[in-house]
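Reader: Can you walk me through this one? I'm new to this.

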Amino acid sequence: MAEVILNNVSKRFGSDTALDGVSMTVPDGGFVVLLGPTGAGKTTTLRMVSGLDVPDAGEVSIGGRAMAGLTPAQRDVAMVFQQYSLYPHLTVRENLEFPLKSPILRTPKAEIDRMVGEVAEVLQISHKLDNKATALSGGEMQRVSIGRALVRNPSVYLMDEPLSSLDAKLRSDLRIELKNIQANLGATLLYVTHDQIEAMTMATHVGVLDKGRLVQFGSPREIYENPVSIYAASRLGQPRINVLPADVFAGAPQRAAFIGLRPEQILQGDGQECFVERVEHLGDQTRLHLKFRAHDLITVTDAHTTLAHGDVVKIQPANPFYFDATGARLV
Amino acid sequence: MAQIRVENVRKDFGSFNAVKSSSFTIEHGEFFMLLGPSGCGKTTTLRMMAGLELPTSGEIYIDGEEVGQKPASQRDIAFVFQMFALYPHMNVGKNISYPLLSQGMPKVQVRKKVAEIAEILGITDILDRPIGGLSGGDRQRVALGRAIVRDPKAFFMDEPLGALDAEFREHMSEELRALHDRMGATTVYVTHDQLEAMQMGDKIVVMNHGVVEQFGVPQDIYDWPATKFVAQFIGSPCMNFLDFNGTVGKGTETVHLGGASIAMPRLLDGESGALTLGVRPEHVHLNDAAAYRGEVVATEYLGTTQIVTLKTQHGQIKARIPSHVNVRAGERTGLDLDARTLTLFNASTGDALRSEANLEVLNHG
């Protein structure tokens, strides 16, 4: 395993700036998740590390080794994509063996068997080793494609939305599995997603990308509890943070233009009156859609609340975030 | 506006049975969700209601009139598809006005109507644009506009947001629901996304393998699932299942799980054999003093809350607890299960046993 360092990496595609001076360190044994909407530069960053694309400016190094001029094969990285891309004519075992059978590696047969057996064990696909790859469910196929990356024991794993095409239940199972595998192996992982739950639950560090710039880098808790901007604050948290003009509540600091309120920063029962627009029962929580002086506000309340459309509730902020006119956090 | 009643509807494709004897009622002005995994028969059910498929047997009533064997054109409904199906050679305004012009409505009236609809959907400024350059969201708005403009009795939508990315989807689902609240039109909506169903629906039908598993208000279905399938399909993470062997009788108020006694709502059914105790993650509380024990396997931070996965002698269980509580993998702890919220299932049939708590919901759905 190895540390990955990006130093001031920029990349343009024609007139579009895909990456703009991104500097970031993926620590040895770290699980770094890149988060951002479509077009933020997540996948491009991954491709810079993998060598599928080369930066226009800046350097990438893996384990202290500069990557300039090296092909993907020379970089000792393993990739997992959203589309499993297994070899359909091979069995699960043959798919897993494939990277080890490369003529350059000359891995002895017994060694291959041992590694495949081990990985199959970890991913709970031992009983499916002799199945055709196409005779598997979606979750099993994705396990095999993760397995094919694991057998190589590379210095870094690069994953591009590996769980996005799976259904909700499978996704939540594989989240825990992937996190455990990474923690047990001490693997270094760079992972792209736009699913904030994946970012929150698996990452040791989250990198928030906005139009090709890395705007915040830190643990999920840091980014949730201490965001640097409205943009970063909006990446994590469901329902999303409410952003209102700062002057709607008393007590805003001087330069504040906006106040940011997560559901837990809204106290109910006292303060300003709001109109209940809609009550959304989601089972474990109930969302209140409030109207407050022509502003929309969403907060959560007790699952079995008696509140209904047309009721009035009082709210007040508790330790809110304040942002200036550019959206930067005021502290 | 319309009330729609589906009675004992069945559909076979050759030897494959897609929908088995489904019955449910959609009331005037309801936002009604057909929910289930792929292949469960939800789209087939919708297509039969719309007249795009004819039922093999059973009746469909729209406002009391039996329409089961009538073609779509005679049912006065509007259909919105996942792939917007707009006319690519026409501009936005022409797409929306097309159904009216083909009905022979005078031009002046059409223009007024289109302007009104464009206003509702917030697309007035793009009426002259060609379809080609529009974003996914705008295309969906145009497709909605074309459906709304006819003032049909009901709207049928088949995963209309399925093609949009997660962030935009959330926005559009709110917009769609707000639009429904303004217009009050009966809407039937097919989705496989349980959160979308909970979020938008007044009522939900949960289907699996062509069978209606449960039908009712979202919160009721969440709290009191009729089957293990529903308990697992709705909620994220889903309901926890603790499998054990035992005997319970009418009036039982505690079950015995590996030496611990767990209180639950008074049962109205009895059963002996393989049973499953179901508990939602938010009703599992970590309490060192509790008799039922578990070992922490993993924690997942979610901002306001965290999900703690624990190993127990009856399988894995997930608890949703506040994120400020400090929990570490490897710790052993006791688990309190909130007695008022528990459901007991017959493990072999998957059906919930009736209790004083879920009786009302189960009798209705």
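Predicted model: local features only at pLDDT ≥ 70, side-chain atom pairs only at ≥ 80, totals over all residues.

Reader: OK. Into which domains is chain A divided?

Author: Domain 1 (4-227) and domain 2 (238-330). Their C-alpha centres lie 38 Å apart. The bounds come from an automatic or database domain assignment.

Reader: And chain B?

Author: Chain B has domain 1 (4-223) and domain 2 (238-364). Their centres, taken over C-alpha atoms, are separated by 38 Å.

Reader: How many residues of chain A are in contact with chain B?

Author: 24 residues of chain A are in contact with 24 residues of chain B. Contact means that C-beta atoms, placed from the backbone, lie within 7 Å.

Reader: Which element gives the largest share on the chain A side?

Author: Helix 5 of chain A, with six residues. Helices (H or I, at least four residues) and strands (E, at least two) are DSSP runs, numbered from the N terminus.

Reader: What classes are those chain A residues?

Author: The side of chain A that touches chain B has 10 nonpolar, eight polar and six charged residues. Ala, Val, Leu, Ile, Met, Phe, Trp, Tyr, Cys and Pro count as nonpolar, Asp, Glu, Lys and Arg as charged, and the others, Gly among them, as polar.

Reader: New topic. At what angle do helix 2 and helix 3 of chain B cross?

Author: Roughly 130°, and the axes of helix 2 (residues 92-103) and helix 3 (residues 107-121) of chain B come within 10 Å. That makes helix 2 of chain B oblique to helix 3 of chain B. Angles under 35 degrees count as roughly parallel, over 145 as roughly antiparallel, 65 to 115 as roughly perpendicular and the rest as oblique. Axes are lines fitted to C-alpha atoms, for helices over the stretch in contact, and angles run from 0 to 180 degrees between N-to-C directions.

Reader: Which residues meet there?

Author: From helix 2 of chain B, B:Gly93, B:Ile96, B:Ser97, B:Leu100 and B:Leu101. From helix 3 of chain B, B:Val110, B:Lys113, B:Val114 and B:Ile117. By class, this contact has six nonpolar, two polar and one charged residues.

Reader: Now sheets. What order do the strands take in the six-strand sheet of chain B?

Author: The order is 6-7-8-3-9-10, in an open sheet with mixed pairing. Two strands pair if DSSP finds at least two bridges between them. Strand 9 (residues 203-208) and strand 10 of chain B run antiparallel, joined by five bridges. In strand 10 of chain B, B:Phe215 stands opposite B:Val205.

Reader: What about the five-strand sheet? Which strands stand at its edges?

Author: That open sheet of chain B has the order 15-19-16-17-18, with antiparallel pairing. Strand 15 (284-286) and strand 18 (315-322) of chain B stand at the edges, each with a single partner strand, so one side of each is left without a neighbour in the sheet. The twist averages 45° from one strand to the next.

Reader: Last one. Where is a peptide bond cis?

Author: One runs from A:Gln238 to A:Pro239, with omega near -5°. Another cis bond, from B:Ser236 to B:Pro237, also has omega near -5°. Most residues other than glycine have a negative phi, and most peptide bonds are trans. A:Asn153 is not a glycine, yet has a positive phi of about 50°.

Conventions. Residues numbered from 1 in each chain as written. Chains lettered and ligands numbered in written order. Contact = placed C-beta atoms within 7 Å.
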